[in-house]
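Trainee: Could we go through this one together, one question at a time?

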Amino acid sequence: MDAAGCMKSLLLAATQYRAARTASNAALLQRSLEVISGLKLTRLFASNQILPSECLSCLVELLEDANINPSLTLSVVTLLSQLALDNETRETLQDTYNLTSVLAGVVHRSSTNISDPVLLQSIQLLQKLTYNVPVFSAGANIDELISFLMQHVQHTEDELTIPCLGLLANLCRHNLSIQTRIKSLLFHARNIHQTFQLIFNIVVNGDGTLTRKYSVDLFMDLLKNPKVADYLSRYEHFTSCLGQVLDLLHGRDPNSSSKILELLLAFCSVIELRHILRQAILEPSVLPVSGNTRFVTRSKSFEPSVALVHLSNQPLEGSEDSSVLALQLFKEIFEDVINSGNSASAEHFVDLLLPVLIDHLQMPEQIVDELLVKKCERMAKAINVLTMLCRDDILKMHASKVLTARQCTSLIEHQFTYSGTDTGFGTKGGDSKMCKLAADVILKTLDLMSRLKQDVPGMEVSFYKILQDPRLITPLTFALTSDHREQVQVGLGILFEATPLPDFPAIVLGESIAANNAYRKQEAERASKRIQLLSPMTSVTSVRCSSSCLSSDESTTSNIQELIQKLHSGLEMKESFTDMRISDIMDVYEQKLSALASKETRLQDLLEAKAVAQAQTERLMTQYRCQRAQAESEARTLAAMLKDAERKNEELGDLLKAQRTESERAQTDIEQLFQHNRKLQTVAEDYEILKKSSADHLQRIAAQLIETEDHRKELQQQLQERDGKIATLQQKIKVLEEKLKAQQKEKKDMEQTIDILRKELSKTEQARKELSIKASSLEVQKSQLEGRLEEKEALVKLQKEELNKHSNMIAMIHSLSGGKLSAETVNLSL
């Protein structure tokens with residue numbers, strides 16, 4: 001049987017059961033409910049077709065019947081729970097059929113028997129229906145439902161406790177009256193700690209993601225109250241409970257991990273709790289486990305920091321973006337680290353996290369449009385973390401080691417394509433969001449570059465180059481006219497850096513800000529006009545609704561108009577509507593009509609926005625032409641400057657070649673000096689040999705006196721030759737000294753030339769460094785030559801002393817031989 005046949009069978013079985021409540025009719029209805037449940041027609045019930053709508057009305061009527069068989073009630077609730085898995089069907093059940101009040105009546109009727117499975121199923125279905133949905137507290141059976149929930153959460157814990165607390169959290173979230181009603185009962189100072197323990201138990205031990213969502217939402221709402229936050233900061237078991245919550249980060253459910261991260265971020269809103277959380281993440285070596293007072297050592301793979309880094313690097317395709325939440329948590333943790341002055345404890349964690357942050361800054365080569373917004377959001381959060389690290393010198397040093405100027409410039413260049421430089425203001429919603437997000441990423445990256453420009457090579461040059469890029473005007477305009485204080489402050493900081501630059505287009509920035517302000521003024525005027533037109537529109541709602549619906553959804557409009565005609569003409573309605581109140585039906589259709597009227601209004605607004613966008617586009621095209629002419633003139637100026645710079649570079653290159661030639665000549669002279677030094681060393685070695693031989697002759701002088709006389713003559717002749725050599729060496733030394741003076745003079749000239757080149761070549765710093773290195777090497781060589789000359793002078797002095805000794809010895813030998821030659825006669829002067 002097809003879906004339509006099954007729905008018709010369900011309607012027929014329900015009619016027969018209401019006419020005669022026999023066992024056979026009940027079994028037939030039970031069978032029809034099981035067939036519908038087995039077909040899983042969730043999407044079909046989300047449509048506005050008549051047959052599915054009648055089936056939903058039939059199911060709601062069966063729940064309203066207090067005399068229905070309990071097994072049938074359980075089947076109906078189970079089927080509705082299955083249908084409520086679809087978002088559109090869940091909204092339809094809540095808004096059109098007022099299922100919350102009906103289920104509240106079922107809970108009230110079933111509350112006499114706590115073990116009734118209908119009670120548990122109804123409360124769980126109410127959890128799904130009321131999550132993040134405002135509930136009218138004055139609705140039917142709502143008071144009885146709240147009374148039952150408040151009574152049950154104070155009793156002994158059972159299987160209903162967690163669903164009841166989750167439902168109570170949903171009802172309180174958007175309703176001040178319900179919050180006031182239960183505040184004194186559950187959140188009094190006497191029992192607030194028991195409430196904390198109960199919520200922590202549900203967060204840690206909750207069976208399923210949905211239950212954990214309810215408890216986390218309740219905790220986040222409680223922390224908005226300063227008194228409750230103060231109570232929690234003084235809760236003695238908070239550290240132990242926090243350790244158990246952090247253990248949940250190792251789970252494989254991304255939805256659950258997302259909610260846990262939201263809870264941790266809520267803890268960071270309280271300074272005392274953030275301090276404890278920072279210690280638990282960065283110093284997890286000793287944490288109480290499982291509510292125990294004993295401390296155990298955790299392995300590195302189960303440390304919270306490792307789990308957070310893993311969550312921050314989740315793939316973009318995931319449904320829950322845990323990465324953004326984890327990056328926000330990192331920023332809070334590092335802010336607490338810096339404020340407490342304990343940056344050393346975070347160094348290991350920073351080294352672990354930095355590769356992930358750098359990976360977030362890399363834009364993949366191919367990415368679908370649906371994931372582009374998520375990628376840019378992660379980029380912005382990662383840049384926030386890096387900027388926070390730059391507030392501390394130690395952590396900033398770690399960041400400067402892994403981040404390069406090339407990464408920042410490539411990131412900004414890629415974001416320029418999405419920042420709205422070609423579209424301007426007044427773009428459609430999706431594009432406008434992407435433009436603002438790209439502008440935010442660009443400005444945050446520039447702020448990061450500003451903080452690292454003195455620590456990263458090439459960052460300062462890249463930073464000031466981007467500040468003079470005309471494409472920066474649109475992101476800077478977005479920031480300066482933003483409603484967010486942080487964006488305005490970042491924009492003003494960038495503007496302060498860019499204003500002194502000669503090529504910063506300040507006039508274009510002013511025109512862009514004025515255009516943005518004018519666009520906002522037009523939008524405000526249109527909004528006020530729409531508000532003024534709302535009052536006359538209500539009197540003709542039905543007429544406008546019919547005209548708008550015919551253009552957007554003809555099938556839905558025909559159905560609604562058909563039902564309106566039946567109501568006005570008094571036609572006989574179906575038997576299923578006989579028990580409903582006419583006022584409830586009118587309220588339902590008035591809601592539908594008002595919704596259709598609002599759709600028409602939105603369409604009209606879209607048309608007006610499109611016209612404004614077209615006008616804005618024309619104006620921006622004109623502005624673009626002006627900017628293009630200005631850019632062309634600037635390009636011509638830059639071309640002339642480039643030619644001038646090239647000419648100067650050629651002149652400096654010629655000077656550099658001349659200096660290199662002089663340096664090569666100086667190197668040649670130095671090599672010649674080295675050769676002379678080696679010759680002097682050879683002479684000194686010869687002299688040492690002669691000195692040794694003369695000592696041997698003196699020892700054998702008594703026995704070989706005659707031979708000594710002949711040998712003396714030979715020695716005298718050799719000494720004369722040596723005197724000639726020494727005189728020659730002295731002349732050479734004088735020549736060397738003169739050359740050394742000339743080298744010193746040349747060195748001074750070179751130093752003066754180098755000083756002149758330093759002034760002229762301030763922009764070519766690299767060449768200056770090379771010349772300074774060569775000059776320093778010449779100075780070192782000069783000092784070495786001076787030292788060697790001093791050594792040679794000392795050697796010459798020693799040679800003089802030895803010659804004097806030899807002359808004395810010759811005189812003594814002569815006196816011994818009977819001669820009268822005096823020592824003065826044989827003195828050998830140098």
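What follows is a short chat about a few helices, a loop and some cysteines.

Mentor: Before we start, this is a predicted model, where local features need pLDDT of at least 70, side-chain atom pairs count only at pLDDT 80 or more, and totals for chains, interfaces and linings use all residues. Residues are numbered from 1 along each chain as its sequence is written, and side-chain values use heavy atoms, with hydrogens and water left out.

Trainee: Is arginine 274 buried or exposed?

Mentor: Start with its place: arginine 274 is in helix α17, residues 271-282. Helices here are DSSP runs (H or I, at least four residues), numbered from the N terminus. Buried means under 20% relative accessible area, exposed over 50%, and partly exposed in between, using a 1.4 Å probe and protein chains only. Arginine 274 has a relative accessible area of 6%, so it's buried.

Trainee: Which side chain joins that of arginine 274 in a polar contact of 3.1 Å?

Mentor: Contact means heavy atoms within 4.5 Å. Leaving aside neighbours within four places in sequence, arginine 274 is in contact with residues including Cys268, Glu335 and Asp336. A polar contact is a pair of N or O atoms within 3.5 Å; within protein, one must be able to donate a hydrogen and the other to accept it, and residues adjacent in sequence count only if both atoms are side-chain atoms. The side chain joined to arginine 274 at 3.1 Å belongs to glutamate 332.

Trainee: Are α8 and α10 roughly parallel or roughly antiparallel?

Mentor: Axes are lines fitted to C-alpha atoms, for helices over the stretch in contact, and angles run from 0 to 180 degrees between N-to-C directions. The axes of α8 (residues 117-130) and α10 (residues 161-173) come within 9 Å and cross at roughly 30 degrees. Angles under 35 degrees count as roughly parallel, over 145 as roughly antiparallel, 65 to 115 as roughly perpendicular and the rest as oblique. So α8 and α10 are roughly parallel.

Trainee: Is asparagine 98 exposed, partly exposed or buried?

Mentor: Asparagine 98 is found in the loop between α6 (87-95) and α7 (99-110). Its phi is near 50 degrees, a positive value in a residue other than glycine. Most residues other than glycine have a negative phi. With 43% relative accessibility, asparagine 98 counts as partly exposed.

Trainee: How many disulfides does a search of the whole structure find?

Mentor: Cysteine 164 is buried at 0% relative accessibility, and cysteine 268 is buried at 5%. A disulfide is a pair of cysteine sulfur atoms within 2.5 Å. The number found in the whole structure is zero.

How values were computed: Helix = DSSP H or I, 4+ residues; strand = E, 2+ residues; numbered from the N terminus.
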